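Please consult the sequence and the coordinates alongside the text.

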Amino acid sequence: MDVERFIARWRNNEGGAERANFPLFLTELCAVLDLPQPDPADATRERNDYVFERAVTFRDEGGRSGHGRIDLYRRGCFVLEAKQSRERGGAKEVPLAPEQATLPGIEAVRGRRSAHRGWDVLMRNAREQAEQYARALPESHGWPPFILTVDVGHAIEVFADFSGQGKNYRQFPDRGGYRIFLDDLRDAAVRERLRGIWLDPHGLDPAKRAARVTKDIAQRLASVSKLLEDRGHQAEPVAHFLMRCLFTMFAEDTGLLEPGSFTELLADARANPESFAPLLEGLWADMDKGGFSHVMRKPVRRFNGGLFADRRAIPLHREEIGELYEAARHVWTEVEPAIFGTLLEQALDKDERRRLGAHYTPRAYVERLVIATVIEPLQREWEGAVLGTVERERAADPQAAIRAVHEFHERLAATRVLDPACGTGNFLYVALELMKRLEGDVLEVLADLGGQEALALETATVHPRNFLGMELNPRAAAIAELVLWLGYLQWQLRNGGVVADPVLEKLSNISAMDAVLRHDPERSKADGSGVELPNPRRPEWPEADYIVGNPPFIGGKDVRGRLGEAYATALWKAHPKINKSADFVMYWWDRAAERLTEKGTRLKRFGFVTTNSITQEFSRRVMARRMEGRPPVSLVMAVPDHPWTKASKDAAAVRIAMTVAEAGAREGVLLEVASESGLDTDAPVIDLTPSIGRINADLSVGADVTQAKPLRANAGLCSPGVKLHGAGFILTRAQAATLRGAERSGAERSGAERSGAERSGAERSGAERSGADFWPVKPYVNGRGLAGKIKSSFIIDFFETSEEIARRQFPVHYQHLMTTVRRDRAKQFAKSPTSDARSYLDKWWVFGKPRPELRSAIASLIRYVVTIETTKHRVFQFVEGNVLPDNMLVCMALGSGPIDGSAAI
């Protein structure tokens with residue numbers, strides 16, 4: 001069947017029950033699109049992956065179940081729900097809204113666009129039903145990327161969520177094109193889109209193609225940036241020059257400038273490089289002010305906004321202009337702002353450039369946190385309170401229904417989102433785009449209720465001005481503002497929105513500042529021992545409805561080393577309630593929790609990416625204090641262990657946690673990773689298993705084991721192994737043999753054979769225990785060795801041996817420790833002169849924590865029991881009594897068990 005015959009056949013169908021017509025309609029549609037037809041349904045559901053009437057079972061929170069049938073289901077592709085509206089005057093007609101019924105010329109023609117919108121309530125109900133079916137699918141099927149609603153013989157509506165979360169199905173590809181009428185099937189591009197939904201749904205994900213385009217553009221900008229820096233240009237002017245270039249490319253492709261005009265300018269300049277800088281400066285001056293452009297020889301819009309206030313252009317060589325020309329030839333409407341900021345920052349930073357494209361946050365990960373923090377509460381209000389009012393009032397009081405939608409739109413447009421560590425704006429952009437998608441749904445309902453007249457009254461819109469950022473790096477802050485504008489203008493132009501002059505408003509929504517510390521100017525200490533940051537205090541954060549972001553990943557033990565003594569000291573003074581060992585990210589978490597519980601606060605939720613060490617004691621204490629406070633903070637969503645950055649050879653994979661908090665005592669959903677794949681691609685797949693309940697501070701659901709108290713009866717039953725504080729103590733088998741040979745050769749040359757009388761009591765005890773002369777090298781095992789991941793190793797142990805005896809009797813081993821351990825401990829003391837660091841340096845030839853109580857407990861044992869402290873699987877093993885355990889092993893002085901000592905108990 002060809003397209004024309006299909007359209008004619010179904011347009012003339014007034015239809016009976018949808019159950020009778022939808023299988024035929026969809027079967028014929030598959031024939032028109034050259035798609036495989038649905039399979040016969042199997043008696044068991046397991047193999048019903050592409051069938052009509054696919055059975056599903058609903059389960060609510062109370063454990064009650066019900067049954068339903070998906071009209072058409074294709075696993076991994078879509079859930080389709082069909083309805084059939086009626087012609088006017090026919091049976092079961094879906095009537096026009098009262099205010100439309102009296103308008104002349106409002107006649108619905110099936111399969112064509114018209115002003116008749118009376119059936120939209122039918123389609124909205126179908127969409128809600130399809131989403132319920134998607135939720136009821138077996139967990140192993142995952143969330144389908146598409147939801148399709150079909151008015152048989154009239155239209156198909158398409159909604160997509162490529163994140164795999166099923167929480168944000170939105171109009172696809174946009175508000176203007178998500179509804180496909182019969183007439184639209186004549187368009188080959190529309191038919192290919194539908195084929196893609198059936199055959200390769202994830203191939204339609206715009207983020208995938210956008211990622212490829214964006215990376216290529218960033219690489220070309222990186223090439224120009226490097227060439228200019230090699231010629232002696234400073235990094236900051238180069239960065240701002242290239243940002244102006246790329247926005248001009250974007251303006252050209254989106255029609256804000258004459259299409260092709262800037263590419264043509266670059267092509268001319270390649271032939272005459274001397275003209276490049278004057279032409280560009282002239283164009284940017286015209287774009288700044290608007291009006292007739294002598295460079296373009298036609299009027300240009302007024303852009304303003306500060307971007308072109310500095311219109312200086314750097315003269316470029318022919319090959320550099322060529323790189324810009326190739327970048328300009330890309331389709332800039334396909335650029336993905338969610339990763340563009342990160343890639344641009346890498347392109348412009350000589351230290352980061354080598355990692356270009358290797359280390360950025362996949363958009364799906366950002367969406368996961370933004371949806372949970374920002375979109376879920378907004379969507380809950382929209383779908384619950386607002387649409388509920390619409391359904392109740394649309395017939396009896398349509399103006400009340402319009403008013404409810406209008407008021408929600410006003411609240412949505414006024415919603416403020418803050419990222420207090422915004423970097424290049426990835427999280428803010430994703431929040432902006434997802435809120436624009438929700439706004440699209442709102443405006444569609446408004447049009448259904450009141451037509452264009454109702455839309456004309458909507459002057460508010462979700463706008464970059466309400467997406468606020470704080471970022472220490474001024475260049476990243478400038479990129480963040482640019483990213484927001486790119487994303488906003490992309491959305492407006494794709495969806496038929498208005499872009500008024502000036503195209504770029506001058507906003508102050510991104511502040512280049514430290515979000516966790518303010519201080520007076522740096523000064524020298526009174527005693528001359530260094531510098532200090534006087535009057536440290538916490539900065540004020542702007543008011544916001546939601547806070548979301550990804551603060552820096554710096555472990556608590558690294559704060560002083562990474563940020564400096566003066567900064568660390570000032571930070572601790574400004575935040576006296578946070579313990580000094582907490583990870584750096586916890587200063588953001590604690591401040592957001594404080595804002596959440598302030599009297600009269602505007603803040604509703606906050607969500608952060610943190611290191612997955614948030615569940616460990618020092619960082620966990622920060623959360624626990626807020627969760628146990630009055631009023632309390634509760635976690636409404638948490639992922640305790642999640643992959644984060646795209647991994648590559650030069651960018652180690654990072655594991656993180658996500659937490660979303662609300663004020664008050666409430667339950668949440670804990671998401672644990674069930675499987676993960678494709679982590680080195682632009683589209684990683686993470687499957688999560690949910691658990692509902694009160695989420696504890698250690699990101700668990702159920703009994704809060706962090707509140708367990710130690711039993712006095714268990715005192716002394718176990719001990720951690722020795723803590724070295726110096727990698728120089730550890731030897732491979734070859735190193736141990738080399739040192740032993742050198743030691744004995746030296747003793748033979750000096751004739752200084754040791755006698756038993758020269759040995760200390762401890763040495764004699766060691767000799768008696770081992771049945772051989774005392775020797776300071778002993779077998780050593782850590783967690784990786786216990787798991788068989790590394791070969792056996794040895795350790796230099798001078799426990800209860802004085803420095804003098806160690807130096808005189810074992811000079812080679814002593815010298816080895818002198819050049820390794822002592823050097824490292826001296827460096828650590830210089831960096832962080834704590835009392836512990838001083839004591840470790842004073843006795844540098846001995847382990848930091850030699851564990852005398854453990855040694856005495858296992859001294860008489862042939863073997864003892866150990867287990868790795870932090871592990872997914874709790875396994876207990878025997879090790880021989882002469883082996884020294886690492887600090888990350890928990891040891892028990894129990895010697896019974898199988899004779900070979902290898903079995904787990």
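The paragraphs below treat ring contacts and then the backbone.

The model is predicted, so local features require pLDDT of at least 70 and side-chain atom pairs pLDDT 80 or more, while totals for chains, interfaces and linings use all residues. Residues are numbered from 1 along each chain as its sequence is written, and side-chain values use heavy atoms, without hydrogens and water.

The structure contains 27 aromatic pairs (rings of Phe, Tyr and Trp, the last by its six-membered ring, with centres within 6.5 Å; planes under 30 degrees apart are stacked, over 60 edge-to-face, the rest tilted). One of these is the edge-to-face pair of W10 and F25, at 5.1 Å centre to centre and 85° between the planes. Because W10 belongs to helix α1 (residues 3-11) and F25 to helix α2 (residues 18-32), the pair ties together parts 15 residues apart in sequence. W10 is buried at 3% relative accessibility, and F25 is buried at 2% (buried: under 20% relative accessible area; exposed: over 50%; partly exposed: in between; 1.4 Å probe, protein chains only). An aromatic cluster is formed by F241, F247, F250, F276, W284, F303 and F308.

| Arginine | Ring | Distance to ring centre |
|---|---|---|
| R591 | W541 | 5.7 Å |
| R838 | F829 | 4.3 Å |

In the backbone, the peptide bond from F172 to P173 is cis, as is that joining R630 and P631. The non-glycine residue E53 has a positive phi of about 55° and is partly exposed at 27% relative accessibility.

Terms used. Helix = DSSP H or I, 4+ residues; strand = E, 2+ residues; numbered from the N terminus. Lys NZ or Arg CZ within 6 Å of the ring centre and 35° of its normal.
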